[in-house]
Structures are given as structure tokens and as C-alpha cells.
Amino acid sequence: MTNFPVDLIRKDFPILNQTVYGRPLVYFDNAASTQKPVQVIRAISGYYETDNCNIHRGVHYLSQRATEVYEDTRKQIRQFINAASSQEIIFTRGTTESINLVASSYGKQYVNPGDEVIVSVMEHHSNFVPWQLMCQERGAKLRIIPIVESGELDMNAFRGMVNERTKIIAITHVSNVLGTINPVKEIIQHAHTFGIPVLVDGAQSISHLGADVKDLDCDFYCFSGHKMYAPMGIGVLYGKEKYLDAMPPYQSGGEMIKEVHLSGTTFNDLPFKFEAGTPNVEGVYGLRVAISYIQELGMENIAVYEKELLDYATEKLTAMGDIRIIGTAKEKTSLISFLIGSIHPYDAGVIIDKMGIAVRTGHHCAMPLLEWYKIPATVRASFAFYNTTEEIDLMVEAILKVKQMFG
Amino acid sequence: MTIAEVQEQVVAEFSLFEDWMDKYNYLIEMGRSLPVIDEQYKTDQFVISGCQSKVWLNAKYLEGVVYFSADSDAIITKGIVNLLIRVLSGHSPDEILDADMDFIDQIGLREHLSPTRSNGLTSMIKQMKLYALAFKSRG
């Protein structure tokens, strides 16, 4: 193993230091939500202790200070994901809201009857249902990129699908069930030869791979704070200015307007046009510190360590014999979905939980994908940089117990 | 036996278990011994879907008494299904409608009946009571 300072890092995450059912907590549900370092927790309480107020509105001291932090964070995110301008950074509640915003506003502006929208069969419902609904509303057709057994996209099928009727492609960077890292750059390059924009769902990739929207050349990129060590209820939509400018507002209210008269309303400039109402300021305070935290650890170091965790877990589970790993792509993040013999994932999950280990069981909000595999559910263990190989050993022990009880 | 008496019996049985593992081994055993529902009822019409596991439930009404049969794709769920049937099946609609399901708490299985579990069990109890109500109104 590398010299990754996991023992020191764990001290920053107070929640990890507890027992459940009399056993040390092993938290392997990081793809659902990551834990927060004490620095983030302090940033949130600090905001309420010293800075709380409404932003962008007051000339008073507190409002100016909080507005400054809020807008500085926007600049920090611009730099973090390498966007061209901080006007292209929209704060949202999370990935789901970011995608809904684009599906709704982009759809109204650009999608007409007979047009087509492309997603893949491995999308999380949040990058599937908004497009499905938009297509129904606009009279457009939703086309689905299939996968191959390993859980990788069928790129030939994808290429055959793109045509002059395609209006947008929405694709996840990393599958929340399979861990597959999709070749989004290749998809974007191909789409751009037709002049088609691409939205990348970064919910599952941001904490593992970071993001470089300039290098990807994606047109939209979405992520959630709570899956990258920041609080819940804060997320980001990145969009190229040319699209965001042309798109109509998503929600209306305060902040997003320029002038309101009885006869009509004009809208504010980017990014405020898409930020109606009082924003989640405490979330932004937390996100700011979370980004600094992972930048200090270094994306590269995180990736190397998490790859070691994934390889270790894959090796251990494979050695058990009757474990079927769902998702065996060459390029994966630190996530492993599996089935234990013919044991139902719910049964396995109940026992694994009793052993103090938090894994996720179910369809992971990706029913089309599980239908493709013809399975009702999986057990999913997803690792973060604060996890250890010793914890993976505890999971293996729990799986042995499951096999013993249901065997 | 009344519903309350069956519940007392179940609570007494569960009090013998020393740890969670004994309890779950018992549920697994009960899951395996549940008379399987007639295949004709194992369809979407009778399914109660959770995102974790599925439950199929059917009810018959004979001479003032309701009989339930059910199945699940997960064994622990099926074990709990079996307990619910043991408690509620073979009683009149009024008894079923009046039944207090607190015994689930007493045997330490409340977590499985939480709506967030999405295993179909919460909806199953509701559905069992709805059957009772329907049979009652039919007379």
C-alpha cells in the first residue's frame, strides 16, 4: 500500500469513530453520501455563529461578508473544475436539480417534436426520468445507449444513434451501480462533430476523478456536494455560457430578476438568472471547505489509494468463489456491486448491517440497468479515501456469515 | 386463540433468543417453512413492491374468517410475512381491523416495518387490513 495517511484522515471524520450493534462502524455507502470532515462541520456551524444573513441583498456588513464568501466559492469552483468563467457556475440543490434545470430549460428552447435525446441504460433515475418526461412533453424520442456484459457502454451502438435529429446527449461519467468510468471525452468529441451538446452527470465521479470541463469540453456538468464530503442540499451546474444565455429561466422569484413591472419581467444576468430565491448559503460555506480539503489531499493521491482499495476488495471477493461481481469494466472507481450465490441482496444486507457494516442493497435508483442484467438488486460497497483494507476484511467476514446463515 | 394471544405467544418465543443471530436464524427458518402462495397469485396484480424486496399477498374469505397467503423473494422478508400471517390469518375482519401490531416492536423487528426499508412489509400490513375492510363491507 502507498503511504496515504488514512489514520490521520480518519481523525477528521468524527462519525467514523463509533460502534453500531456493538461493533465498529464500517461505512461503505459512500456512493450514496460521503461523511463530512470536522472542517466542513465547523464551517457550517461557524456560518451560523458569525455570518448568517441573506446574501446579495443587504448593504450591511454581515450580508457583504457572506456574499463575498458565496461568490468567492463560485470562483473556487470555477478553478476546481477548470471552467472558463464563474458565470458558468450555477448553485443548485444537487445533481438532480441541475439535470432537471437543463432538461426543462434546454428542452423548451431547443427540443421539438421528432427530435431525439440520447441517454444510456446505466443512468441513475435522476439522469433518466427528467429526459424521459421532457421527451414526452416535447414530442421527442428518448434513445438509450446499451451496454455490454462487463458494464461498459456499447460505443458502436452509440455512434450509430447520433444523427441530425439528436438535440442533446446526457451521460453519466461513472455508473453508481457498476463503477464503470465512461469514455465521456470520446462521446463528447463524437457529439460535437454533429454540433450536439453533451451533459455529463458527475455525481459519482467528482470525488474520485475530479473534473476538468475544459479538457472534457462538455457543455453541461452536474455534481452534488454531499457526495464529495460537503453538506447535503448544495450542488452545482456548470454550463457553457452560450447555452445558459439562450436558455429560459427554470424557476422564478427573487434574485433572478432584473426588473419586475405589472406589464412584465426582465431577467438577471448569469449566473443569477438560474438562482431564484434565497440560496443554500451554509451549503456553499461547507462546499468551499470540502473542496479545499480534497485539494489538499490531492486528487491523484486519492485516486491511487482508492484504486488500491478497489483492487483489494475485488481480489478478496473473487477469491470467495461464489460471488458474482456486477460491473467488471477495465476502468472503474472504488465501487463494487455484487451478488452472493443465489442469496437475495436484502437478506444479505440485513445480516451485513448487523455486523456493523453499512452497504447499500436494492436497485440503486437504476432500474433500467438492473432490468438489463435481469437481477432485482445488488449489494453495493462503495469506498472513500477514509476506508481501509482492514474494513474490507470485516466485510468479507460478514459475507461469510451471510453464506453460513443462508447456505 | 385471539390475535392478542397469538401475539403473546410470538413474543414469548422471541424472548428465548439470546442474540440477533438466533432471531434471524429463526426468521430464516420461518421464511423457508412458509406455505408458498399459489403460483396464480404470484403476479403483478398481487405484488407489493418495495425497492428492496417484493411481497405477494392474497386473501380468501370463508364463513366470516379471512385467510391470507403470501410470499416474498427475500427469505427474511418471507419470515416476517409468515409471522404476520400467523397473527392475522384465521380471524374475522373486525378482529383484523382492530389488531394492534405493537408486538413487532416487542420482538425487536420494528426496523423491518419502517417505511424507509422499502421491503413491502409496511404496505403488506396495510393491504391485509384493506382486505379485511373489503370483506367486512361485503358482509
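Predicted model: local features only at pLDDT ≥ 70, side-chain atom pairs only at ≥ 80, totals over all residues.
Local features are reported only at pLDDT of at least 70, and side-chain atom pairs count only at pLDDT 80 or more, whereas totals for chains, interfaces and linings use all residues. Residues are numbered from 1 along each chain as its sequence is written, and chains are lettered from A and ligands numbered from 1 in the order in which they are written.

The secondary structure of chain A comprises 15 helices and 17 strands. Helices (H or I, at least four residues) and strands (E, at least two) are DSSP runs, numbered from the N terminus. The radius of gyration of chain A is 22 Å, close to the 22 Å that the globule rule gives for 407 residues, so chain A is as compact as a globular protein of that length. This radius is taken over C-alpha atoms, and the rule is 2.2 Å times the number of residues to the power 0.38. Along the principal axes, the C-alpha atoms of chain A fill a box of roughly 70 × 55 × 35 Å. Of the 407 residues in chain A, 48% are buried. A residue is buried if 20 or more other C-beta atoms lie within 10 Å of its own, exposed if 12 or fewer, and partly exposed in between, with C-beta atoms placed from the backbone. Among contacts in chain A with a separation of 6 or more, 70% involve residues 24 or more positions apart. Two residues are in contact if their C-beta atoms, placed from the backbone, lie within 7 Å.

Chain A is divided into domain 1 (6-30 + 298-406) and domain 2 (41-295). The bounds come from an automatic or database domain assignment. Taken over C-alpha atoms, the centres of domain 1 and domain 2 of chain A are separated by 28 Å. Each of these domains of chain A gives 23 residues to the contact. On the side of domain 1 that touches domain 2, α12 (299-319), β14 (335-340), α14 (367-373) and β17 (378-382) of chain A each supply at least two residues. α12(A) gives the most, with four residues. The residues of this side of domain 1 divide into twelve nonpolar, seven polar and four charged. Here Ala, Val, Leu, Ile, Met, Phe, Trp, Tyr, Cys and Pro count as nonpolar, Asp, Glu, Lys and Arg as charged, and the others, Gly among them, as polar.

Within chain A, helix α5 (residues 129-138) has P130(A), W131(A), M134(A) and C135(A) buried. Seen down the axis of α5(A), these buried residues fall within an arc of 130°, so they line one face of the helix. The arc is that of the directions from the helix axis to the C-beta atoms. The buried residues of α5(A) pack against α4 (95-110), β5 (116-120), β6 (141-145) and β7 (166-172) of chain A. Just after α5(A), G139(A) takes a positive phi of about 70°. Elsewhere, Q79(A) lies in helix α3 (residues 61-81) of chain A. Q79(A) counts as exposed because it has 11 C-beta neighbours inside 10 Å. The C-alpha atoms of Q79(A) and D212(A) are separated by 9.2 Å, although the two residues are 133 residues apart along the chain.

The contact between the chains takes 13 residues from chain A and 13 residues from chain B. On the chain A side, α13 (345-354), β16 (360-362) and α15 (389-406) each supply at least two residues. The largest share, five residues, comes from α13(A). The chain A side divides into seven nonpolar, four polar and two charged residues. Nine of the ten residues of α13(A) are buried, so this helix is largely enclosed by the rest of the structure. Among them are Y346(A), V350(A), I351(A) and K354(A). Just after α13(A), G356(A) takes a positive phi of about 90°.

Chain B has six helices and three strands, in the order α-α-β-β-β-α-α-α-α along the sequence. A compact globule of 139 residues would have a radius of gyration near 14 Å, which agrees with the 14 Å of chain B. The C-alpha trace of chain B spans about 45 × 30 × 25 Å along its principal axes. Buried residues make up 34% of chain B. The axes of α1 (residues 3-15) and α3 (residues 75-88) of chain B come within 8 Å and cross at roughly 140°. Axes are lines fitted to C-alpha atoms, for helices over the stretch in contact, and angles run from 0 to 180 degrees between N-to-C directions. I3(B), V6(B), Q7(B) and V10(B) in α1(B) meet L83(B), R86(B), V87(B) and L88(B) in α3(B). The residues of this contact divide into six nonpolar, one polar and one charged.
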